[in-house]
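Here is a short note on the aromatic rings in this model. Please keep the structure open as you read.

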Amino acid sequence: MAKIDLTMPKLGESIMEATILKWNKKVGDKIEQDETILEIATDKVDSIVPSEVEGVMAEILFAENDVVPIGSVIARIETAVGAPKTAPPPQTQPTAPSAIPSNLSDVPLPPQVAGASAAAVLASAKTGESTRFYSPLVKTIAKEENIHLAELEAIPGTGQNGRVTKTDVLKYVNENKKGAPAQKAPPAPQAVQQSAPAMQKPATSMSGGVEIVEMDRMRKLIADHMVMSKQTSPHVTSFIEADVTNLVQWRNRIKNDYQNRYNENITFTPIFIEAVVKAIKDFPMINISVEGTKILVKKDINIGMAAALPSGALIVPVIKNADFLNLAGLTKAVNDLANRARANQLKPDEIQNGTFTLTNVGTFGNVMGTPIINQPQVAILATGAIRKRPAVLETEHGDVIAIRQMMFLSLSYDHRVVDGFLGGSFLKKIADYLEGFDVRRSI
């Protein structure tokens, strides 16, 4: 019998580690080819790992909830004699984050990590090299937040074998870095001793009228992302009301024929996305991101669309190169991504590289909202519910009051790089495209 190594698969260019959610097989279980062995999750999306061979589970090397680097051997399958053995991918030696200096002997540690291993911190200070493994994602965060190696070494890790995870370093940043005054040089050790004690959290009431519910993994990720977005971008939200009567009448007239021709149900979302794409072409400085003091203008128009999961959480699949799709293509893409999002079948690459996001709060009956920017983008549009309301119309015979289909649009934007003129003009242009929809348009 031969043993085949099962490795943690690569799930996207920026994915460097994954969490094991559930083992569907245990040691000794028979495995069929293409049968699901385990379920995994990344910061982006959940996925399953099938078996490429038929055999028996021989070893399981990681437990559920372990965070495992991509390419690591996670299990071994015993299969028929003569089957080729898969070699594990080459392992690279971990290096210290590039922003971490080598002369660290004088770098003080915050009180929160003062109880960490003195030997580990001292070794890192002397050698300028890490004494434990850090994932590329953790290194990147450390570089961006200017976390010295001695600090990184002292952060308590909740990962396997005490490894520092993304959650650990973000928690450290939020508790110790955010809001701290900028300093040209590290303070003397005496300054650390004289610093004010950390503010203590109020005690949690444990009476019988309170139920304590731990956040699940998805909710923790959403919470971290939302807080990070607010800390990164000064949010401004502009509103506009649009008369979409022509659009509603057109959809009501063609939806049955559209279903018969394309075998697709046409919703308002692809029509909104079409208007957004046109407006981005008119105002390309909305389709940007910020990197330090640099503005990155994106040539591709990749529209993210917030989709609700059965758990109530939101995920944002991305329609790549939306400007190359006609309305039929946008409708097919919207329906496909929404259906697979609800079935938890999205691929990691399908929720990455968005340049602008649309969220339809009207789905929940809300008339408007103030959405939070999906970093690193600089703007997000919320479309409210379409409702019949009396409105004033200007005619050649004078003003009249009529029943019209009205909706609110709200645009949140990053005021560092999008001023009121650009944000307001872009939002007005979207409304113009929706109000000017051609009711005679063919399908």
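1. Four aromatic pairs turn up in a search of the whole structure. Rings of Phe, Tyr and Trp (its six-membered ring) pair if their centres lie within 6.5 Å; planes under 30 degrees apart count as stacked, over 60 as edge-to-face and the rest as tilted. The Y258 and Y262 pair is tilted, because the ring centres are 4.6 Å apart and the planes stand at 40°. This is a predicted model: local features need pLDDT of at least 70, side-chain atom pairs count only at pLDDT 80 or more, and totals for chains, interfaces and linings use all residues. Residues are numbered from 1 along each chain as its sequence is written, and side-chain values use heavy atoms, with hydrogens and water left out.

2. Where do Y258 and Y262 lie? Both are in helix α7 (residues 245–262), four residues apart, about one turn of the helix. Helices here are DSSP runs (H or I, at least four residues), numbered from the N terminus.

3. Y258 is buried, at 3% relative accessibility. Y262 is partly exposed, at 33% relative accessible area. Buried means under 20% relative accessible area, exposed over 50%, and partly exposed in between (1.4 Å probe, protein chains only).

4. F268 and F272 make a stacked aromatic pair, 6.2 Å centre to centre with 20° between the planes. Both residues are buried.

5. What sits over the ring of F268? The charged end of R251 does, 4.7 Å from the ring centre. The test: NZ of Lys or CZ of Arg within 6 Å of the ring centre and within 35 degrees of the ring normal.

How values were computed. Helices (H or I, at least four residues) and strands (E, at least two) are DSSP runs, numbered from the N terminus.
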